[in-house]
Amino acid sequence: QGLSSPMLRCPSQRLLDRIVRRYAEVPDAGSIYMDHLTDRDKLRLLYTLSVNSHPILLQVVFPDVEGWPFPRYLGSCGRLVVSASTRPLRDFYSAAPEVAADLALQLLAVLRSMGTNDLNYFFYFTHVDGGTFGVFSNGHLFIRDASTLGIIDKEEGSQLIDGQQEYKDIFSCLTVDCQSAFVSCNSIREKHSLVMVCQELLPKLLKGKFLQPVQEKIDSFLQHCADGLADDQGVNEAVAKLAELLKPLRSCDSRFAYRYPDCKYSDKY
């Protein structure tokens, strides 16, 4: 209780069970008895979750092999994490219009999947920047930095009560300001990450890329999305219209190996 990591600010027993059962850096990970963690293992897990939950989320809790939009976790040593190589999204701010349109559509699709998925976990970002997302050499976009991802269990709900928010664990003060206020779990909406991305990333990716009047419409939809903190329906409508406008602007060629040549034969792409 009280860990400042965004991943555990709004915990549920189901999420905690998943973390403990799938924690890979123990000899018998996945034990159904859950008695495989020594005191040292527990301390290491708690410390890692407090300082940087990124490797815990990547390694087995929500791995890429199960379809989650993260790079593959290969191992870690202390604060060093080794994963598959990606280029940060900021490297594509000056990309060609068809590349920018493709990445913007992938970004919106990733956010939708993180809000609605079969396991009923809702992921939200506490911060995004040009390094939060990355792009593989095949053009596929993934979440590159998961350290700012929070998780809310839509099935069980949050088990963090108001009194627990004042509790401070022994690790978190090492890395964050212990006096900083936390956002209430109940105040976080599914549009939270969409608005953040419309404010911080999509304008830089799509600015000045297209001819008029298309560019004007794109800018208008982005503005509606960015200003939509008080209007859930407005955000969803703006994002849907933006996606509809971007789809015909991307191309189908070998630069997009993650969907080529499938895009020639499938309406999905």
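**Inside the model**

Tutor: Happy to! This is a predicted model. Let's start with Leu-205: leaving aside neighbours within four places in sequence, Leu-205 contacts Phe-92, Tyr-93, Ala-100, Leu-103 and Ala-104.

Student: Which residues touch the most other members of the largest nonpolar core?

Tutor: That core has 67 residues, and those touching the most other members are Ile-19, Phe-62, Phe-70, Phe-133, Leu-202, Leu-205 and Leu-206. Helix α4, residues 97-115, gives the largest share of this core, with eleven residues.

Student: And where does this core lie relative to domain 1 and domain 2?

Tutor: It lies between them, because domain 1 (6-83) and domain 2 (87-167 + 185-250) both contribute residues to it. Another core, of six residues, lies apart from this one; Cys-10, Phe-122, Tyr-124 and Cys-185 are among its members.

Student: Switching to strands: how many residues of β4 are buried?

Tutor: Five of the five residues in β4 (121-125) are buried.

Student: What does β4 pair with, and in which sense?

Tutor: β4 pairs with strand β7, residues 149-153, in the antiparallel sense over five bridges. Within that pairing, Phe-123 stands opposite Ile-151 of β7.

Student: Zooming out, how many helices and strands does the protein have?

Tutor: There are nine helices and seven strands. The protein has 269 residues, and 47% of them are buried.

Methods: Residues numbered from 1 in each chain as written. Predicted model: local features only at pLDDT ≥ 70, side-chain atom pairs only at ≥ 80, totals over all residues. Heavy atoms only, no water. Core = buried A, V, L, I, M, F, W, Y, C linked by side-chain atoms within 4.5 Å. Buried < 20%, exposed > 50% of the residue type's maximum accessible area, 1.4 Å probe, protein only. Helix = DSSP H or I, 4+ residues; strand = E, 2+ residues; numbered from the N terminus. Domains from an automatic or database assignment. Contact = heavy atoms within 4.5 Å. Pairing = 2+ DSSP bridges.
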